[in-house]
Amino acid sequence: MEAQSLPTALQESAQAYQSFIQQHADLLQDKTILESLLRVFSISQFVAQSCQRDPAMLVDLIASGDLQ
């Protein structure tokens, strides 16, 4: 998912997190998860920053289904 596919108000935030998402692409092979992650990160700086500090949290969010 590209930041441009999100509402205009969220695009700037999404672009800021795309490099983190690309670095963890191995966890994000499912397109649904990738789309969810960009939206969640764009909407919640808390979740985005928490996952960046602790990538294991991202793994847990994916595994539990809570990300979606």
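Helices, here, are DSSP runs of H or I with at least four residues, numbered from the N terminus. In this predicted model, the protein has four helices and zero strands, and along the sequence they give the pattern α-α-α-α. The radius of gyration is 11 Å, close to the 11 Å that the globule rule gives for 68 residues, so the protein is as compact as a globular protein of that length.

**Overall dimensions**

Along the principal axes, the C-alpha atoms fill a box of roughly 30 × 20 × 20 Å. Of the 68 residues, 31% are buried. The protein exposes about 4300 Å², and carbon and sulfur atoms supply 49% of that area. Among contacts with a separation of 6 or more, 55% join residues 24 or more positions apart.

**Helix α3 and its surroundings**

Helix α3 covers residues 45-53, and its buried residues are Ala48, Ser50 and Cys51. Seen down the axis of α3, these buried residues fall within an arc of 165 degrees, so they line one face of the helix. An α-helix has 3.6 residues a turn, so residues three or four places apart point the same way. The other side of α3 holds the exposed residues Gln45, Phe46 and Arg53.

The buried residues of α3 pack against three helices, which are listed here with their residue ranges.

| Helix packed against α3 | Residues |
|---|---|
| α1 | 8-23 |
| α2 | 31-43 |
| α4 | 55-64 |

**Two residues in other helices**

Serine 42 lies in helix α2. Buried means under 20% relative accessible area. At 6% relative accessibility, serine 42 therefore counts as buried. Leaving out residues up to four places away in sequence, serine 42 touches Leu6, Leu10, Ser13 and Ala14. Two of these partners, Leu10 and Ser13, have numbers inside the range of α1, 8-23.

Leucine 61 lies in helix α4. Apart from neighbours within four places in sequence, leucine 61 is in contact with Val47, Cys51, Asp66 and Leu67.

How values were computed: Residues are numbered from 1 along each chain as its sequence is written. This is a predicted model: local features need pLDDT of at least 70, side-chain atom pairs count only at pLDDT 80 or more; totals for chains, interfaces and linings use all residues. Side-chain values use heavy atoms; hydrogens and water are left out. Buried means under 20% relative accessible area, exposed over 50%, partly exposed in between (1.4 Å probe, protein chains only). The arc is that of the directions from the helix axis to the C-beta atoms. Contact means heavy atoms within 4.5 Å. The radius of gyration is taken over C-alpha atoms; the globule rule is 2.2 Å times the number of residues to the power 0.38. Accessible areas come from the Shrake-Rupley method with a 1.4 Å probe; for residues, only the protein chains shown count as cover.
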